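User: I am new to this structure and would like a close look at one part of it, the sheet and what surrounds it.

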Amino acid sequence: MELSKEKMLWMYQKMVEIRKFELKVDELFKKNMIWGTCHLYIGEEATAVGACAALNRDDYITSTHRGHGHCIAKGAEMKRMMAELLGRETGYCKGRGGSMHIVDVSTGNLGANGVVAGGIPIATGAALASKRRGDGKVTICFFGDGAGNEGAFHESLNMAGIWKLPIVYLCENNLYGMSNPVKNSTAVEDIAVRGQAYNIPGVIVDGNDVLAVYETVKEAVGRARRGEGATLIESKTYRWMGHSKSDPRAYRTREEEQEWKERDPIKLFASQLMDRNIATEDELKKIDEQVDEEIEEAYEFAVNSPKARVEDITEYVYA
Amino acid sequence: MSEKTYIDALAEALREEFDRDENVFMMGEDIGIYGGAFGVTKGMYPKYKDKLLDTPISEASIVGAGVGCALVGMRPIVEIMFSDFMMDAMEWIVNQAAKLRYMTGGQLKVPMVIRAPMGCGTGAAAQHSQSLPALFAHIPGLKVVMPATPYDVKGMLKAAVRDDNPVIFFEHKLLYWTKGDVPEGDYTVPIGKAAVKREGKDITIIAGSIMVPRSMEAAEKLKEYGIDAEVIDIRSLVPMDVETIVESVSKTGKAIIVEDDNKNNGWGSEVVSKLIESDAFDYLDEPIKRLAGKDIPIPYAPELERAAVPQIEDIIEGVKEIFDKR
Ligand SMILES: Cc1ncc(C[n+]2csc(CCOP(=O)(O)OP(=O)(O)O)c2C)c(N)n1
């Protein structure tokens, strides 16, 4: 199946948006303009973008504490995300969510989640609803390798297995849960094999290759839409930065980091696009510059937005 | 209007809600052909196959999947076989269902009902017998109700299903076979409104769930001692109908609270503080008394189990003590 040039450039742009958005976030964080904590997704852009490119706008995703990338890839507006991070009234959650809880219902994004594995049963429920209603929608459930060791992961995959739910469980295996390497936390080498226990096919994909992720997820989404049930995909990738703020990354070597940086998913995709004569260096540069502008606009929008209103602090507890 | 058991009234509410709204369905363990651990859905399966989803024994994901269904516009009713097992699902009740609306600035809502049989008196001992409404009443974002009569259980379940918030719906196991008048067809009992079950002028008994019929019987017996007790069924802990309680206590000047939960930090202490914070304080002419379960896990032996929570004679004694003091 051939991707159009337009779609590939959209994918490239989304990856660049995620990278630059996060670099801006990192900068603002260091300037103490962002409160609390945040978990950067830099290095994993190909997974979110490849996966979301295989979905329709009204398909669902659930995300994790490391959710900015999924949110952007699913189509959220960066200015409202930035406003949320700065605690503004114009943010997606009106300053009640922050980095870990951004949700954008209008693009089918049911939300980032501050609890490891928090979204897994929720995604399973969204898929159950789609199955019951026959609405043809598919849910992608993003989660980390660490989340795969929570009990709810196993309960939910079992449910998806028995009910043949239209869902793709997408494990982003970035080799660490905070400081704990997968080999110390997880009894199997490949998390994908866990699908077998629940009669769900498990597939491994190179998480730094956006086209590979796209093809793999597309196939799984197709299976789901045809009523053939869930797929567990394990995307092997790497987070470049620390787990969250102030993580000196003492648990891994700089050499290892360097090896992964050499497989920068954005550079990799750029060279694929140029090698295949889909885009010229100039075209890509233009996209980069356009994204720079968007990020600046997002920032301007956010800092100039009114702060969250203390008078309304008890709003939205109950519907 | 005809006389029905609590369980039949509940089943009637379920059937009517299933028929009324295609988004309503129920999931839980053994609720299909088996008919549920307490028989609430007994006999319903042939007609409502599509509405009764048998799940694996996976409380966390049953509730979590309920949340997911609710987020995308369905109105799931989740049955937890015994309310004790809600502990397995705490994450998705407390950290997810209760908070999603707030932390997303109102973008999401969770119209879900969790039905949970609670309470002791069946000899099932500590892990199948506790009453935990107060535990959930402490969590902002949840509504917590405990209907005491067949009439209320039908009307309140309908109200809960139609509510856009997560509602924890506690059914006391000993109430299932109690009887009362239940109207045919559709009606709702608003969540957050207490009921004056018996008017009286001498003292207000504020009770919930199984303690309501016990308090009503106690009130009848108290007539023999010349005490005319008013009985209030609190019905809903969140939201709590403070107004009705304050009004009654302002009239009688005396209050006793009778609850099924254990005492320490129970909902009775919340009622007491609400009263003390209110105008009723000026009218109180005796200290408020609290009768609640002992602060112990529910024991097995029948004598111990019976002594663990207030019985009718305890309520009578408790009220009399207030008057005897004078
Ligand atoms: C239930 C729970 N336990 C612990 C944490 C603290 N915590 C946040 S992220 C994280 C590591 C998660 O690892 P993984 O799922 O692999 O995702 P990654 O951070 O690698 O993207 C931990 C332990 C939490 N948020 N929730």
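Which residue is the bridge partner of A:Glu172 in β7(A)?

Analyst: This is a predicted model. In β7(A), A:Glu172 has A:Ser235 as its bridge partner. The two strands concerned are β3 of chain A, residues 167–173, and β7 of chain A, residues 231–236; six bridges join them, and they run parallel. In general, strands of a sheet pair through backbone hydrogen bonds, in either a parallel or an antiparallel way.

The pair β3 and β7 belongs to an open sheet of five strands in chain A, ordered β1-β2-β3-β7-β6 with parallel pairing. At its edges are β1 (60–62) and β6 (202–206) of chain A, each of which pairs on one side only. From one strand to the next, the twist averages 20 degrees. Packed on this sheet is helix α6 of chain A, residues 151–163, which touches β2 (139–144), β3 and β7. The direction of α6 makes about 150 degrees with that of β3(A).

One lies 2.8 Å from a polar backbone atom of A:Tyr176. A backbone N or O atom of A:Ala147 is 3.1 Å from a ligand oxygen, and an N or O atom in the side chain of A:Asp145 is also 3.1 Å from a ligand oxygen. Taken alone, the ligand exposes 580 Å², of which the protein buries 73%.

Methods. Residues are numbered from 1 along each chain as its sequence is written. Chains are lettered from A and ligands numbered from 1 in the order in which they are written. This is a predicted model: local features need pLDDT of at least 70, side-chain atom pairs count only at pLDDT 80 or more; totals for chains, interfaces and linings use all residues. Side-chain values use heavy atoms; hydrogens and water are left out. Two strands pair if DSSP finds at least two bridges between them. Helices (H or I, at least four residues) and strands (E, at least two) are DSSP runs, numbered from the N terminus. Axes are lines fitted to C-alpha atoms, for helices over the stretch in contact, and angles run from 0 to 180 degrees between N-to-C directions. Contact means heavy atoms within 4.5 Å. A polar contact is a pair of N or O atoms within 3.5 Å; within protein, one must be able to donate a hydrogen and the other to accept it, and residues adjacent in sequence count only if both atoms are side-chain atoms. Accessible areas come from the Shrake-Rupley method with a 1.4 Å probe; for residues, only the protein chains shown count as cover.
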